[in-house]
Amino acid sequence: PPQNISAENIALAIVYEDADLVVVNKPAGMLVHPVRYHLTGTLANALTYHWQTRGEGATFHPVHRLDQPTSGLLLIAKSSWSHQQLSVQLKNGEINRFYLAITEGIPPQTGGVISAPLKKGAEGIKRVIAPDGQSAITHYRLLNHTTQTAFLLVRLITGRTHQIRVHLAHLGTPLWGDPLYGQLDEQFPRPALHAFSLNFQHPRHHRRLKFRAALPSDLTLLISQLNFVH
């Protein structure tokens, strides 16, 4: 069925595209799709315009999500069929998603697994850890650190809303600049999180596709300002 998404001419960083899917390097601050009070300026609006100008009859089906302030790689299916095929991979843990994160504080170990169920909190958009929540599993590894901050490689096993943000805060090391689960940094007004690596099996020809997206300039600048050990 047709989708009621208005087309908007918004610049896109398309990393890969074919008849079945598109991989986009989403900038921080962009919503993935329209919501009640934000019907324009989203990735869905931008891709709808992109497809219309090319004469394509594609429809917008995000396979996974990224929070509005999170930058990085996002996989979008262009039909209900490809979305269904990719969603099965996601459910079976066959889509690998890796993130780079900067935290306030250093994790207690150089690597580990955070397994803590999540559910929606009583107020607002915050998520909380609760025994009756949905299963949520995050792997992390320390890449670098200063005396007060850490640079982590994070792998999502499940993909709950705000999962990395809540899990790292649970360790006592919230994402740098996260106003919801940590502390606001007026010089870096977003959680320091970037989806940098994505790999999955193509739903049609079954070859494994692998993509990476370099750190955006704001995170590169933050890293230089924090003086990580080289």
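This is a predicted model: local features need pLDDT of at least 70, side-chain atom pairs count only at pLDDT 80 or more; totals for chains, interfaces and linings use all residues.
Colleague: What makes a residue part of the lining?

Modeller: A lining residue has an atom within 4 Å of a point of the pocket, which is an open set on a 1 Å grid over the protein atoms alone, where a 1.4 Å probe fits, with protein on both sides within 12 Å along at least five of seven lines. Here 34 residues line the largest pocket, and Arg65, Leu66, Asp67, Thr161 and His162 lie nearest its centre. Helix H2 (80–91), strand E5 (96–104) and helix H3 (163–170) are the elements that give two or more residues to this lining. H3 gives the most, with 3 residues.

Colleague: Good, now the rings. Why is the pair of tyrosine 16 and phenylalanine 211 called tilted?

Modeller: Rings of Phe, Tyr and Trp (its six-membered ring) pair if their centres lie within 6.5 Å; planes under 30 degrees apart count as stacked, over 60 as edge-to-face and the rest as tilted. By this rule there are 2 aromatic pairs. In tyrosine 16 and phenylalanine 211 the centres are 5.4 Å apart and the planes at 40°, so the pair is tilted. Tyrosine 16 sits in strand E1 (residues 14–17) and phenylalanine 211 in strand E12 (residues 208–212), so the pair ties together parts that are 195 residues apart in sequence.

Colleague: And what about phenylalanine 200 and phenylalanine 211?

Modeller: Their ring centres are 6.1 Å apart and their planes at 35°, so this pair is tilted. Tyr16, Phe200 and Phe211 form one aromatic cluster.

Colleague: Which of these residues are buried or partly exposed?

Modeller: Buried means under 20% relative accessible area, exposed over 50%, and partly exposed in between (1.4 Å probe, protein chains only). Phenylalanine 211, at 11%, is therefore buried, and phenylalanine 200, at 0%, is buried. Tyrosine 16, at 24%, is partly exposed.

Colleague: How do you know that aspartate 20 is buried?

Modeller: Its relative accessibility is 6%, so aspartate 20 counts as buried. Aspartate 20 is placed in the loop between E1 and strand E2 (21–26).

Terms used: Residues are numbered from 1 along each chain as its sequence is written. Side-chain values use heavy atoms; hydrogens and water are left out. Helices (H or I, at least four residues) and strands (E, at least two) are DSSP runs, numbered from the N terminus.
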